[in-house]
Amino acid sequence: MKSGRFASCVGHVAKALGLSLAIAAASAAAWAQEAAPAAAPAAAAGSYTPMKPTPGIGMPVDGGLGIQTQFSKIGEYGLWMHDVILMPVMVIISVFVLALLLWVIVRYNKRANPVASKTSHNTLIEVVWTLLPVLILVGIAIPSIDLIAKQYKPAPKGALTIKATGNQWFWTYSYPDNGDFEVVSNMLNLPGQPVVNNGVRDVGSKPWDGPSHLEVDNRMVVPVGEPIRLLVTAADVIHSFAVPSLWMKLDGVPGRINEKVLLVEKPGVYYGQCSELCGAKHGYMPIALEALPRDKFNAWVLTHPGGAIDGQKPAAQAAAAPAAEAAPVGEATGEGQGDATAAAAE
Ligand SMILES: [Cu+2]
């Protein structure tokens, strides 16, 4: 505040001396820059305590068979496709073919059927065994193509963008719409076992820790109930971002960005793993995704330096902006400069 008063005094003196308005505005901009760090902590007073995962939800279970319970619309659709369409059709066809084989073995072996039939054609059977598989495949293709189309439908305009980057062997999550901060996510070490990640605590040392091999030091936090534009890429080799309970598997390829909509229906913690063999510690780069209601997500965003609510400027830049507008672009200083230049360009 001292420096603020000083800068303000300089402004008054400058006015008194009859200097140009531009210089006064420049000093106001400098004042705002000085004052901003003091104001920023108050505005950015976010708070966050990691959520405790629910056992058996969003994670594998002992003796589990089949697909995890789904927590997204597309996941429920995919699970229906698997459970109601594909598995019954596969079971019926397999049992039918097995029954035919058994019938042939029992009824038409050499002992039971000494005189072989000379039948070589049966038009009705040939038409049936050609048409029936075609109809079955068309029946499967209709919901299947619909599911694929829905899975890769782009995110709506204005959707929050989050970028996941695979690294050997951890994930980083960046939030370009929230001030472009980055979260580095390492697997927690396993008590009594060789250290996997130096400087990272042991799993189970905090009350909110989930299963070993799946819990991380910094989770990927997302807002619940809204479509998110998830970008996946990699920094070194090919990785794959996969969270089974959210119907999510997307390769991270160096030099390329893959995109998919992520929509989590229920607040909670959902676990996954890198699903592309990516080197020695491939098995030690889990994904822990925490879905929070909007207000809690915003509070989490504000716990990061430079964190900002979607589309808004970080507190420091927001304070500088009005003053910077008054000043000639070239005279704005510090972090605000980029924004002022961008604003002028627009
Ligand atoms: Cu990997």
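This is a predicted model: local features need pLDDT of at least 70, side-chain atom pairs count only at pLDDT 80 or more; totals for chains, interfaces and linings use all residues.
Student: Is Trp247 buried or exposed?

Tutor: The general idea is a neighbour count: a residue is buried if 20 or more other C-beta atoms lie within 10 Å of its own, exposed if 12 or fewer, and partly exposed in between, with C-beta atoms placed from the backbone. Trp247 has 24 such neighbours, so it counts as buried. Across the chain, 29% of the 346 residues count as buried.

Student: What should I look for in the backbone of Trp247?

Tutor: Most residues other than glycine have a negative phi, and most peptide bonds are trans. Trp247 has a positive phi, near 50°. Asp180 also has a positive phi, of about 60°, although it is not a glycine. Asp180 lies in the loop between S2 and S3, and it counts as partly exposed because it has 14 C-beta neighbours inside 10 Å.

Student: And which residues does a cis peptide bond join?

Tutor: Gln168 and Trp169, with omega about 0°. You'll find Trp169 in the loop between S1 and S2.

Student: How do those two strands, S1 and S2, pair?

Tutor: Strands of a sheet pair through backbone hydrogen bonds, either parallel or antiparallel. Here, two strands pair if DSSP finds at least two bridges between them. Strand S1 (residues 160–167) and strand S2 (residues 170–175) run in the antiparallel sense, with five bridges. If you want a spot to look at, Thr165 stands opposite Thr172 in S2.

Student: What is the order of strands in the open sheet?

Tutor: It goes S3-S2-S1-S5-S8, five strands with mixed pairing. Strand S3 (181–185) and strand S8 (258–262) are at the edges with a single partner strand each, so one side of each has no neighbour in the sheet. From one strand to the next, the twist averages 25°.

Student: Now the helices. At what angle do H3 and H4 pack?

Tutor: Axes are lines fitted to C-alpha atoms, for helices over the stretch in contact, and angles run from 0 to 180 degrees between N-to-C directions. Helix H3 (residues 73–107) packs against helix H4 (residues 123–151) at about 165°, and their axes are 11 Å apart. H3 is therefore roughly antiparallel to H4 (angles under 35 degrees count as roughly parallel, over 145 as roughly antiparallel, 65 to 115 as roughly perpendicular and the rest as oblique).

Student: Which residues of H3 and H4 make the contact?

Tutor: Two residues are in contact if their C-beta atoms, placed from the backbone, lie within 7 Å. On H3 they include Ile74, Tyr77 and Gly78, and on H4 they include Ile136, Ile140 and Pro143.

Student: Which residues does the "transmembrane region" annotation cover?

Tutor: The unreviewed UniProt entry puts it on residues 85–106 and 127–145. UniProt positions are given in the numbering used here, feature names are shortened, and annotations may be inferred rather than shown by experiment. In the model, residues 85–106 are 100% helix, with end C-alpha atoms 32 Å apart. Residues 127–145 are 100% helix too, and their end C-alpha atoms lie 27 Å apart.

Methods: Residues are numbered from 1 along each chain as its sequence is written. Helices (H or I, at least four residues) and strands (E, at least two) are DSSP runs, numbered from the N terminus.
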